[in-house]
Amino acid sequence: MVGTLPPGRPGNLTVEQEAKLQELWKATLKVFGVPDISGIDVGGSVNGSIYGDNEDDPSEHASTLNPEKKSKRKGLFRRRKGDSGDKDDVSVHSSIPDADDKYGQTKEFKRALATQSPQDLREAFWSMVKHDHPDGLLLRFLRARKWDVEKALVMMISTMQWRSHDMHVDDDIMYNGEAAAYKDATESTGPTKKEGEDFMKIMRLGKSFLHGCDEEGRPICVVRARLHRAGEQSEASLERVTVHIIETARLLLSPPVDSATIVFDMTGFSMANMDYAPVKFMIKCFEANYPESLGVVLVHKSPWVFQGKPLVCVFSIVIRLSATSEGIWTIIKGWLDPVVASKVHFTKTIDELSHFISLKNIPTELGGDDPWTFSYPEPQPGENDRMKDDATRHRLLEERATVVKEFENATQMWIQSAPQADTEVRQKRNSLVEQLRKGYWQLDPYLRARTWYDRTGMIKPGGTIDYHPNINGTGEVDDRDGVD
């Protein structure tokens, strides 16, 4: 039921779970090179502040990036002159058995520590937080790793490596977005033009889109499998769109809702639509980089070739299929973590689907009562003009960096505080969390290219979410600032 706070979330932790959260925060701040409030490094080394005052150019505060100059990235936090950010100060080690490391995250963890400065990892973390509760992000990794702090830390830092160095989630995919793909498709040449065309074709077809929410208040992502043909778009463009829609879905989440529902519409599906590579990428995203983000997966109207029905009829003769030819789902299920696999449900009728989603939130295309139909509004001239306003962006980033520093200090006080001082510290942290949330939505138009969810009014200025917006059909972008 919407409104019920699930266990293991901020505000609903057992004493043991909160102790694990504090332990993970302590290890995380150590990796980030954050000195404690007395000026002594969390790991025991004396260091200067990585965010202290200096005389650097104000552009050092910009967390966005010229996409063609990734090596000159500017950060949310400034390193004080003379602070080397020495990674030798970090003495976190991992000995996770290979059997428990499905995606090689221990290797990625070590690569992150070897190739990124503590400041870079810290920035990647806070860029991922966005409007979320920072505790909530750490708790996702803790729940995914069954409250093993070391495994959770390895998973989280490897995710920061993936986001910042492999996929460039915040400084490219979300920063450049649909408008850049549109421009590449219409104005560029060669491979760049092809990637832009592929991205825009996927968006215009509506292979996947966000619309409505389920009975638990979770946003719904509909994937129309029949619209995909293997090889029609590049693997890179498919991965880019996948991350783009996952990140957009994250913007729709608000406590107590912290996960999404995926509906795979298998109407008209055939083997021509099957493509294992993007399926594997999606699985890796949710299992390795967006833990605890899936509420439920509904596979609707899947044919026997996918699900592997035990009986088929050929020339009126019933033939029993062998267990070794059960269908595509058997293969995919073998790739899934058992916890993820348990969230997959097959529905054949609208009545079965309505157990998870109210009829009023099921589009008529799927047999529901919602008359909404997919239509992609093209990127509009000027919709990202605020991203050119460097002065405002830098000012808002500086304000956010100050709140982040206060939150990190308050977190150390919370870890170290005596029980009698606990209430005051908790109130301080909660207040700072709200400042971070509101501050993000003020900053959002200067960091994130607008999506069609912004154009249609699903995502409104200030972070208000309206799953059924009143659309006037103009495609105009609301250019107001504000927070809800």
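**Salt bridges and cores**

The cut-offs, using a 1.4 Å probe and protein chains only, are under 20% relative accessible area for buried, over 50% for exposed, and partly exposed in between.

Quick housekeeping: this is a predicted model, so local features need pLDDT of at least 70 and side-chain atom pairs need 80 or more, while totals for chains, interfaces and linings use all residues. Residues are numbered from 1 along each chain as its sequence is written, and side-chain values use heavy atoms, with hydrogens and water left out.

Back to K428. Which residue does K428 form a salt bridge with? That's E406, with the closest N and O atoms 4.0 Å apart. By salt bridge I mean a side-chain nitrogen of Lys or Arg within 4 Å of a carboxyl oxygen of Asp or Glu. E406 sits in helix 14 and K428 in helix 15, so this pair ties together parts 22 residues apart in sequence. Helices here are DSSP runs of H or I with at least four residues, strands are E runs of at least two, and both are numbered from the N terminus. E406 is partly exposed too, at 32% relative accessible area.

By that salt-bridge rule, the count comes to 36. Take R429 and D135, where the closest N and O atoms are 2.7 Å apart.

E365 is in the loop between helices 13 (350-353) and 14 (390-416), and R224 is in strand 2 (residues 219-224), so parts 141 residues apart get tied together. E365 is partly exposed at 39%, but R224 is buried at 8%.

There's also a salt-bridge network linking K130, R163, D170, E247 and R250.

Now the nonpolar cores, meaning sets of buried Ala, Val, Leu, Ile, Met, Phe, Trp, Tyr and Cys residues joined through side-chain atoms within 4.5 Å. The largest has 63 residues, and W162, V243, Y290, F306 and Y453 touch the most other members. Helix 8 (residues 235-251) gives the largest share, 7 residues. Apart from that core lies another, of 41 residues, including F141 and L153.
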